[in-house]
Each structure stands twice: as structure tokens, then as C-alpha cells.
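Please read this short report alongside the sequence and the 3D view. The structure is shown first, and the notes come after it.

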Amino acid sequence: MKALLIFLFLTNVNNTFAATNYIFSPEKGSVEFKTKGWPNLITIKGQGQGVTGELKEDDKKLSGKLLFQLDTLNTGIDLRDDHMKNKYLEVKKYPEASLTLTDVSLPKENDGEINFKAELSLHGTTKTVTGVAQLESENDTVKMTAEIPINLSDFKIETPSYKGITIAEKVNITFESSVIKQL
Amino acid sequence: MKLLALTIFLSTILYSTPGFSFVQNVTHGYPSCIACHVSPNGGGLLTDYGRSLSNELMSTWGVSDNFAQPFFGGIKNRETVKWGGDIRTAQTYFKNKNINEGQFFPMQQNIEAGIKVDDIMFVGTLGLQQGPERAPRRGQFLSERHYALWSPTPTSRVRVGKFRQTFGINTPNHTRLIKSLFGFGALSETYNLEFTQFFESYEITLGSSLGRLDLPQEPASDKNLSGHFTYYFNGNSRIGGSLLMGESSQKRRFLSSVNAVVPFGEDWILMSEIDFEQSFFNVNPQEAVDTIASFIRFGNKPFKGFMWYLLFEHASVESESAYSLTQQPGIGVQWFPIPHFNIQIEYLRQVNNTLYSNPNEIGYVIFHTYL
């Protein structure tokens, strides 16, 4: 009986302080950016593989670091990719972008929309960015989508320009991942 | 009737002078024409970016940047001077129970230049009218376009001169019934004033045409007012509408149009337009003549620079005293093996309600080199 009480107590303590890990795999998501070219109003989109890393949920707060390999970005035009990666993002020097979250409050039932602040490291510069994330929980997986607008100059990225087309300063980054929950 | 059909076919295909804008590039994030063309409604003189895109996006095999320059590297574009031009030849084929005819001939030979002075670009073509041996004015001097284009702001254009009016979808093929039936077919450049404003997700063009000032005896050329609206969405699609009210020495007309370019997945593209015209001819001003024409093309890109497509065109002309229905399903391919060169092959089976048992088999191969 005593052993049973001890077991129940320990189980309860374990549940009370349980932390959930969210594991991100590149093949289970994607990162996309979208911007405009001026003055000719073209839409430029690029897509890369999903982020990697792990976020930890503790007491309804989410923390952790996600990484994205910039070299996986593809805009559909080889020359544009070459300019983007080598001239502007300098991926050989700065191959990864990272997003660090610290104590981001989660919605009830881990489902719904949250506004968050995070540290984005890109092109050798780290800045606080704000974004909006959407969470959809289903059994052991959570679908996360997030949108983060950035200004290129905040990350010391020269404004891309080519043969009369200049890219807008503001770039919208979205990422989505199907994440496995691990208790 | 069949000879008339042949004559109409030849008069559109043989003398058509498409500006070769490629509206399907909307699916790659280029909803407006001015990324690649100097002209706000596309066609003709390319921007430096357009030349680069031809190399990078549109051709199966890219070549050196120098080869993509005007005259295959023979001339360098400068900030204030741009060069271009078109050389096209065609092999046509027309067959029914009464006629079986094929012709090979030059369609178009010209050079085009644009000179920029401050915010105004002066653009003009110089060439000779081409076509088969019996073509009128063949071999005579022809300037298809000459206009001044003012850019008061980076996102607005005012254009005055001779050019093709903005109306409907910017397809380069002016043999389409949606073009040829409504005065936008072969050699239909008129003297116009147009204002275009580009916004982030739409564009508006307002225009007025004075018709063919250089050919005042041309009866079909009307004076008109027009408006055109295009909305871009999803970064890869567009829908648009156009209205026109015109009057010529033959008739008054009201013309309206809706069109769309929408991708399906990565490799499929749908282009479609439907036009409605109500005309009142001077010979019988009380009787309305209603013309409806539609065009739908579904294309697939199995690899870069190559597209095959299915299309269907229809046109009906109806008045109290007459009714005519033409339908033409077809299939075609268009291939850009290298920048500034393309081959288009198309076959149409044209059936008219008055001659169901004797359809027209129409085909052509066009070789186009953009200088």
C-alpha cells in the first residue's frame, strides 16, 4: 500500500512538471519568403526545406532554437538564386539562419494563434523580430505555421537590385512544420 | 465561302505582327508586362531585365549573357538606348474539300529602338511589310509602332502614338478570334493616348484611340474610349476586364471582355478570355449585331522552355436576320530552345454551322527570332 502511494505520488509529480519537446525535421515542413520587386511590381517567392531543431514546452511556455539552411532556398531562376545566396545572403559565410524563442506563451490546449517575439540571426546579425504563429494540435503532432516580416537592412543585407528591378526592403518569411510531440 | 475562310485565315496569320509578350509569365510572379517590356501592355522592345529573363527563365538552354544582348551580342543596350527587332517566317497549311494549300514566306522583318530622354522614351520600329507574294503593300516601308512613353512616376505610364491598344488578355497571337474579330488582329496598331497606373495588386489603363491616322480611308478603324483593369493574386495569377466604346465610318460598338491567367500546380497554365460586342451598323442602325467570342487554352510545361497546349475557340455572330457559329478546337506546341528564338506549331479544326460537313483544317509553323 505504501509502495502504491509512493508510486502514485511520483507519477503525479512527474506529470505536474512534465516538459514536452517538439522536434522539427526539415523534410516535414518548408520555409518560404515573399517580397515585391519595384518598380515593375513583380512577386518574388523562394522556398527552402523546413527548419530543424527542438522547442521545449514547460509550464505552457515555449523555448528553444530552430535552424534553417539558407542554401536550400530556391526562387525558380538559377541566376536569381545565385545572386541571392552568394551576393546578398552570403551563404558560404553565413550558412544558417536561426530563430531563438524564450518563454513564448502558448494558447490553451496548444491550439490557436499566438503573437511572439524571437531572436532572429541572419547574415551575421541578430535582431528581435515579432511574428504570428498558428498552432493546430492533433494527437501527437502539432502543425505550426508562423509568419515573420523583416527588413533587409536590419540584417545588414544590401537591397537586391538587378537590371532595373529593385527588391522591396520588407520581406515576409513564413514557415510551416508538422512537429512531433515527445513527452 | 471556303475561299473566304482561307483569305481571312491568311490575312490574320500572314500579316499578324504580334508583339510577343508572354502572358504566361504571370505564373512565375510577373503579373505586369513592364518587368520585361518597355510597353505597358507588353510586346516589342525588351527591358534589360526582360532580356535576362528570356535567358534564365524562358529558354531550354541558356546561353552567355552577351548572346542575350541585342542582335545576339552585336549591340550593347545602354541606359538610354535599347534595341530590338523581329524576324519571323511561317509555313501555313489550309485544307478543306475545295482547297489544299500551303505557303512558306517571311511574315515580319523589322528593327526597333527606344531612346530615353529624361522620363520619356521614344520607341519606333522600322521595317518592310511582309507576307506572301499577293499581299497588298508587300515590300513597302512599314512602321508598326512609334510612340512616346512618359513615366511620370515609377508606377505610371502615359503613352501617345501608334501602338496596339490595351484590351483583353495580352496574348501575342492576334489570329485568335478574340483578337481578330474585334479589331485587334493583324496590323491593328492605331494612334492612341493611354494612361496606365500600376498598383501593388492591380493595374488600370484608360485609353482613347483616334484610329488609323496614317490610313484614314480604313473603314474598320474606329475612334474609341477604353478602360482596362487587371487584378493580380496569389503572386502567380491574374484576372482582368476591359470595356470599349467606339465608332467608325461603318458602325458603333460596345465591347466588353473578361480574362484570366491561372496556374494549376507547377506545370499547368490556364488562359481564358470571353468577349461580347454589340454593334450597330450604319446600313441598319436599328438592328443590333451581337458577337461573342471565347478562347481557352490549357498548357503544360514538361520542361523549361517547352509548352504544349490544347485550345478551344468559339465565335457566334447573331442578329435578327442572321446567325453564324464557328468553333475551333486545336493543339499546339511552343518551344524556346535558346533565348530570343522560338518555334510555334499549331493545328486547328475549324467548323462553321453553315458548313458542318466541310471543316477547315488549319495549321502553321512559325519561326521567330527576336533581335
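## Confidence in the model

This is a predicted model. Its scores are ipTM 0.71 and pTM 0.81.

For chain B, the mean pLDDT is 88, and 93% of the residues in chain B reach 70 or more. In residues 10-20 of chain B, however, the pLDDT is below 50. Beyond near neighbours in sequence, that stretch still has 42 contacts in the model.

## Where chain B touches chain A

Between the two chains, 18 residues of chain B are in contact with 18 residues of chain A. On the side of chain B that touches chain A, helix H2 (residues 48-58) of chain B gives the most, with 5 residues.

What kinds of residue make up this side of chain B? There are 8 nonpolar, 7 polar and 3 charged residues on the side of chain B that touches chain A.

## A closer look at A:Lys170

A:Lys170 is part of strand E12 (residues 170-182) of chain A.

Which residues does A:Lys170 contact, leaving aside its neighbours within four places in sequence? They are A:Thr35, A:Pro149 and A:Asn151. A:Lys36 is 134 residues from A:Lys170 in sequence, yet the two are 8.4 Å apart in space, C-alpha to C-alpha.

Definitions and conventions. Residues numbered from 1 in each chain as written. Chains lettered and ligands numbered in written order. Predicted model: local features only at pLDDT ≥ 70, side-chain atom pairs only at ≥ 80, totals over all residues. Contact = placed C-beta atoms within 7 Å. Helix = DSSP H or I, 4+ residues; strand = E, 2+ residues; numbered from the N terminus. Nonpolar A, V, L, I, M, F, W, Y, C, P; charged D, E, K, R; others polar. pLDDT = per-residue confidence, 0-100.
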